[in-house]
Every structure is written in C-alpha cells, then in structure tokens.
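Keep the sequence and the structure side by side while you read. The text below walks through them one chain at a time.

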Amino acid sequence: MAEVRILIADDHAIIRRGLKALLAHEPDFEIVAEAVDGREAVEMAQRTHPHVAVLDIAMPVLNGIEAARQIAAHVRDVQVVMLTVHSDECYLLSALKAGVRGYVLKSSAESETVEAVRAVSRGKAFFSPKVSRILADDYVRYLGRQNVQDSYDLLTDRERQILRMLAEGQSNKDVATVLNLSPTTVVCHRQHIFQKLNFHSLADLILYSIRKGVIPTGTEAAVHGG
Amino acid sequence: MAAEAPGVTQVARSFLTTRTVLAFGFGVLLILLALSGVNAVRVLSKLQSSDEVTLREFLSGARQLDEVRTAVYLSGTYVRDYLLEPDLERAEQSRLALSGMRFKMDAMLADPNAFPRLPDQRMYQSLKQELREYWEALDPVLRWTAGQRRREGYRFLRDVVLPRRSSTLNIADTIAAVNQQQLMEQDHRLLDMFSILRNRLIGALVLMFCFGFALACASTVHLLRLERQTLAHLSEVTMARQELRSLSAKLVDTQENERKSISRELHDAVGQSMSAVQFELHDLAVALAPYPEALRTRVDRIRELVESNLAMTRNMALLLRPSMLDDLGLSAALQWQAHQVARSTGTEIRVEAEDLPPEIPDEHKTCIFRLVQEALNNVCRHANADVVLIGLRADDAKITVTVQDNGRGFSRNGTKGLGLIGMQERVDGLGGTLKIQSGPGKGTVVEASLPLPRSFAKSVAPGDVEEHEHNEIRATSL
C-alpha cells in the first residue's frame, strides 16, 4: 500500500500530539511535517510535498483557509483536510472556495480524521456528517419558511447523477468515463446544472450537495466514491 | 450638577454687578443729557421772553416820549399863536387847542404805566414836575385879556415859554437816551446769559463726553474680557468634547479588544484543551476495549459532555466576537450574522456585498459589523419587518454600509436610544457619518459611511483572503 505523506498544522501542541497519536495507528500514514501556524504550513508544504495537509482554521499569522489557498496555488497534488470547531456555512463555503475537499469537526476528529485523510488522498471529498446535518437542517428550515420550491426538482435524473459525482470530487473526464458519455456532453450537463441552480462556482455546487444530502458524507462517501 | 452650583452662583453675581454698573452708568449719562437739555430750553425761552419785554418797553417808552415832545412843541406853537394872534377868534381857537393838549398831557402824566420803568424814577418825576410847572406857568396867561396879550405876550413867550419848553425837551431827550442805554444794557445782559448758557452747555457736554468715554472704555474692556472668556469656554468645551469622544472611542476599542481576547481565550485555551481531552478519551476508549462494556459507556458519556461543553464554549466565543470577522472577513461575518438572526426570527435578511477592497482595516470591519448587529437587533425588536437588506459597498475613499428594512419605521421626535448613541459613537470614532431615515410606515434605512485610510485604497493584491466571493475556485478535479 502506498504511503500517505501527511502535514499537520495546528497552533496548539496538545492537538498536534493528539492528531499524531491518532494518525500513527494507521500503518500506511506517515507524518512528514508539523507546523504551528499558517505560514509555516505553506512553507513546509512547499518543502516536503505532502499528499494531504491537515490544517486548523484558527491559526496565527495566516489562518487555515488562506494557508489552504496558498498551498493549492503553490504545491502540486496536495489535498487539504480542514480540522476545525466551526460548523457554520460561511466557514465551509470559504474552505470550499479555497479548494478544500475535506472538512472535519474537531468534536468528532478522533473518529473522522483518519477517514477524511484517506478519502482526500484518493481524490474523494469528505465532509463531517455533522456539518451536513446542520446545513441540511438549516436549508430545510429556510425552504419551509420562505415557501420556496426546491430547485432540485428541476434537475433531470442524469443531471442529479452528474451533480453527485462532481460534488464527490470527480472530474468531468471521470464522470464521462463512468457514465460512458462524451466529455462534451458532461460539460453541457454541467452548464445546465449551474444555470438551473444558480451556481457561480464548484464550491456552490458542493455546498448545495452537502446541504441537500445529495452526496453521502463520511464513511459512505469514501465507500461510494471508491 | 451640584458641583457646578457655586460656579453658577458666582457667574450670576458677576452678571448682576455688571448690570448694576451698566444701568448706573447709562442712567447718569441719560440724566445729564436730560438735565442739560431742559436747562438749555428753559434759558432759551427765558431769553426770548425777556428780549421781547425789553423791546416792547423800549418801544413804548420811546413812543410816549415822542408824544410828550410833540405835545410840548405843539403847545409852544399854540401858546405863540394865542399870544401873538391879533384876531380874537383865532386866538380863542388856539387857546382851546392848548387846553385840549393840556388835558391830554395831564391824563398821560396821571397814568402810572405811561412811561418806561426806568431804574431812576427821579428823571420822570423831574419831567412831570417840569411839565406841571410848564402848564402852571401857562395857566395865568390863558386868562389874559387881549390887551394884556399884546403888551406882555411877546415878552412872556421869550422869557418863560421858550426856556421852559427847551428844558422840558431836554429832560425828554435825556430820558430817551437813558431808555436807549437801557436797551443796550438789556442786550448786554442777554449776551451774558447766552454766554452763561454756552458755558453751561460746554460744561455739560464735556462732563457727558468724559463720562460716556469712561463708560465706553469700561464697557469695551468688559466686552473684550467676556469675549476672551467665551473663547476660553468654547475651546474648553471643544476640548472636553474631543476628550469625551476619544474616551468613548477608547472605551469602544477596549471593549472590543477585551471581547476579542476573551473570545480567543475561550476558543484557544478552553476549546483546544477540551479537544485534547476528547483525543485522550478516544485513546482511553481504545485502550478499554478488553474491559467491560459499562466502563466504555461511561467514557462515551464523558465524551458527550465534553462535546456539549465544547459547543457551548464556542457559542459563547462567537457571541462575544464572531471569529469569522477575523478569519473570513467582513462579508462572511455579515452573512453569518444575517443567517443567525434569520434563523432565530424568521426575517428574510439579504446581504449584498460588492466590490470590496481586498483589505479593510480591522477597526472598520469591527465598526461595521457592530453597527449591522445593532441595526438588526433594532429591526428584530421594534420594526416588525419581513425583509432586511444589508448593503456593503466601497470606493477609493470610503466604505458604506446600509441596513434597510420594510418595517413600521418610527418618527424621529423621540430621544435617541442608547443603541443609536453607541452607533454614532462608533462611527464618530472613525470620522464617519451616520444617517438614519425613517418615518411611520416607511421602514428604516440606517446608513453609515466610513472614510478609508489611503493605504487601504482599492487595489488587488495577490493572495488576498477577503471578499472574492464570485471567483471561481481552482478546482483540481476539473
């Protein structure tokens, strides 16, 4: 089994120690770097080229989201898992926009971090089920209160299928291969989805999918995605 | 207020003194003016009347004397005609005319007011005496026979009548001269009175001028002093207001910093150590695998407790100061706040943040966030609105935030609430302006405009965290 090279960044030594202990149980995981703030995380990522960077959001000097953005910009083939106490949509959306595809709440870190690291290292997405639940609840309440019809009903079956696969982190090409379609057709479907649901970015699409519970989160995502 | 009372009393007392002095000064000045005016008018009218009296007396005296003179001359002529006329008829006529003349003169002499009242009455007495004697001398002649007249007439005329007539006329001339002199004397007296009046007027004018000058000087000095005091007070008040403002800005700052540090402390120290406890408990649970189920259940319960504590701590930290403001920027924090309020109240809240500069100074972010928080708070408590629109826009020089609702609004005749005062203080602290427009049934618009420091003018620097809401992400999966 291929080694998964991991970078850990958190300004609290106690958390870093806990994380290390947690990840050390996995034989195929190797922790290659530890950083105490965002800037150090970016530097170390550039130096050590990890597969996965596990970042706290609230870090001094440079926060985790900005660090993720810079890592994505400067380091090739690295995936980021956010490890945070924040379950608010605004944090999740910012993280998604920074290219983050793994999002784990600290309150369930010990049970989900390993899965998240494993999922993103395979190019899949992972979001704490708790986040999905909170966002989905909010969304349902919002729909109920505003009396707005859910635009999900506007999508065709094929579009829903493609929406789910894109949200899981698969590329247009992956989708085309799996569904046995031409890449042009997939791009066309994708545009329809964006128009119908008023998305501006892939981040919007992922957030929507999490909110709607379209993509199974946590364990299931890894299983289904595989 | 009680501490100010002695000062106020003192000021009131000094005002009273000033008023007394001013009233006294102007009163004296006015009294002087009135007195000298009245005096001048009185003297002038006296002068005028005495001038008239003098002239009248002179004229009447002169006329009387003229009459006397004419009478004397005429009587001389009648006497001569009577004495020397050979025709009896004619002589008798002259005698009758002479008698008439005498009768008239007697009447004139008997009238006490007939002659001017000269200081020396003896002259009149002598004139009267002379006239009386003149007539008495003539008396026997009138009873003369024609023969007597022929014999004695010429001699009598030459020796008695002519000398007496000239002496009488002399006296009349003397009196006329005296009368003339008296007129001149009266003129002199008038001139004297005029000069006295002039001197008095000059004196009064000099006195009034001196007094007025002194009063003007005193008033000017006092006014200048008041002006200086007013200026000093003004600068004092301005300074005090500035101090108050900077104090309140400092207070706001301190409060914000305190909240920030407590929030951070809650998050860092408490939150992180509880996270660590969770890690430890997880390890413990793993280690307890071979042991009875009951033990592991208890560990699980502890983990749940820790988790709910963690959530509580985080909520407290967010209430104190939302970490989004520092981590994700202003528009994310406003979105979050809007979402929180919307969730708890059911109001629809839209946030429209466009075209914001990449970096906004911390104090501006905080100020705007707190303003919006307070405004939303007001909307929820009072406005009964369905929709709230939060707008945020910026240009090179300033950043403007508006909070608009479609609620019931209010009329602005009431006093400002503490919330509004707090908003005003915050905006003032950054040199901005706060406008609140509302009317019953018209909803409310709160608009705050904050000037941006020059260094924060809009520019797109690479790698900015903030507000690139509509940027496509770099999706590695595409």
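Predicted model: local features only at pLDDT ≥ 70, side-chain atom pairs only at ≥ 80, totals over all residues.

The average pLDDT of chain A is 84, and 90% of its residues score at least 70. One stretch needs caution. Over residues 219-226 of chain A, pLDDT stays under 50, and the model has 17 contacts beyond four places in sequence for that stretch.

Now the fold of chain A. Its secondary structure comprises 11 helices and six strands. Of its 226 residues, 51% are buried. Take the contacts in chain A with a separation of 6 or more: 67% of them are accounted for by residues 24 or more positions apart.

Find the sheet next. Chain A has an open sheet of six strands in the order 2-1-3-4-5-6, and the pairing is parallel. Strand 2 and strand 6 (126-127) of chain A are the edge strands, each pairing on one side only. Strands of a sheet pair through backbone hydrogen bonds, in either a parallel or an antiparallel sense.

Begin at the start of the chain. Strand 1 (residues 4-9) and strand 2 (residues 29-35) of chain A pair in the parallel sense, over six bridges. A:V4 has A:F29 of strand 2 as its bridge partner. To get from strand 1 to strand 2 of chain A, the chain passes through helix 1 (residues 13-24), and this β-α-β crossover is right-handed. Further along this pair of strands, A:I8 has A:E34 in strand 2 of chain A as its bridge partner.

Move on to strand 4 of chain A. How many of the six residues in strand 4 (residues 79-84) of chain A are buried? The count is six of six, and the strand is mostly covered. In a regular strand, side chains alternate between the two faces of the sheet. In strand 4 of chain A, A:Q79, A:V81 and A:L83 lie on one side, with A:V80, A:M82 and A:T84 on the other. All of these are buried, and both faces of the strand are covered.

Strand 4 of chain A has parallel partners to trace. Strand 3 (residues 52-56) of chain A is joined to strand 4 by five bridges, and the two run parallel. One bridge pairs A:D56 with A:L83 of strand 4. The chain crosses from strand 3 to strand 4 of chain A through helix 3, in a right-handed β-α-β crossover. Strand 4 of chain A also pairs in the parallel sense with strand 5 (residues 102-105), here over four bridges. A:V81 stands opposite A:G102 of strand 5. The link from strand 4 to strand 5 of chain A runs through helix 4, and this β-α-β crossover is right-handed.

Turn to where the chains meet. Here 38 residues of chain A are in contact with 34 residues of chain B. On the chain A side, the elements giving two or more residues include helix 1, helix 3 (64-74) and helix 4 (89-97). Helix 5 (109-121), helix 6 (129-146) and helix 10 (202-212) of chain A are also among them. Helix 4 of chain A gives the most, with six residues. By class, this side of chain A has 16 nonpolar, 14 polar and eight charged residues.

Chain B comes next. It has nine helices and five strands. Along the sequence, their pattern is α-α-α-α-α-α-α-β-α-β-β-α-β-β. Of the 478 residues of chain B, 22% count as buried. Among its contacts between residues at least 6 apart in sequence, 75% join residues at least 24 apart.

Chain B has an open sheet too. It holds five strands in the order 1-2-3-5-4, with mixed pairing. Why is one side of strand 1 (348-354) and of strand 4 (433-438) of chain B left without a neighbour in the sheet? These two strands stand at the edges and each has a single partner strand, so one side of each has no neighbour there. On average, neighbouring strands of this sheet are turned by 10° against each other, direction ignored.

Strand 1 of chain B runs parallel to strand 2 (residues 387-394), and seven bridges join them. B:E348 has B:V387 in strand 2 of chain B as its bridge partner. Helix 7 (residues 330-345) of chain B packs on the sheet and touches strand 1 and strand 2. The direction of helix 7 makes about 175° with that of strand 1 of chain B. Helix 8 (residues 362-383) of chain B lies across strand 2, strand 3 (398-405) and strand 5 (444-451). Helix 8 runs at about 10° to strand 3 of chain B.

How values were computed: Residues numbered from 1 in each chain as written. Chains lettered and ligands numbered in written order. Pairing = 2+ DSSP bridges. Right-handed = clockwise from strand over helix to strand, strands pointing away. Buried ≥ 20, exposed ≤ 12 C-beta atoms within 10 Å, placed from the backbone. Contact = placed C-beta atoms within 7 Å. Nonpolar A, V, L, I, M, F, W, Y, C, P; charged D, E, K, R; others polar. pLDDT = per-residue confidence, 0-100. Axes fitted to C-alpha atoms, helices over the stretch in contact; angles between N-to-C directions.
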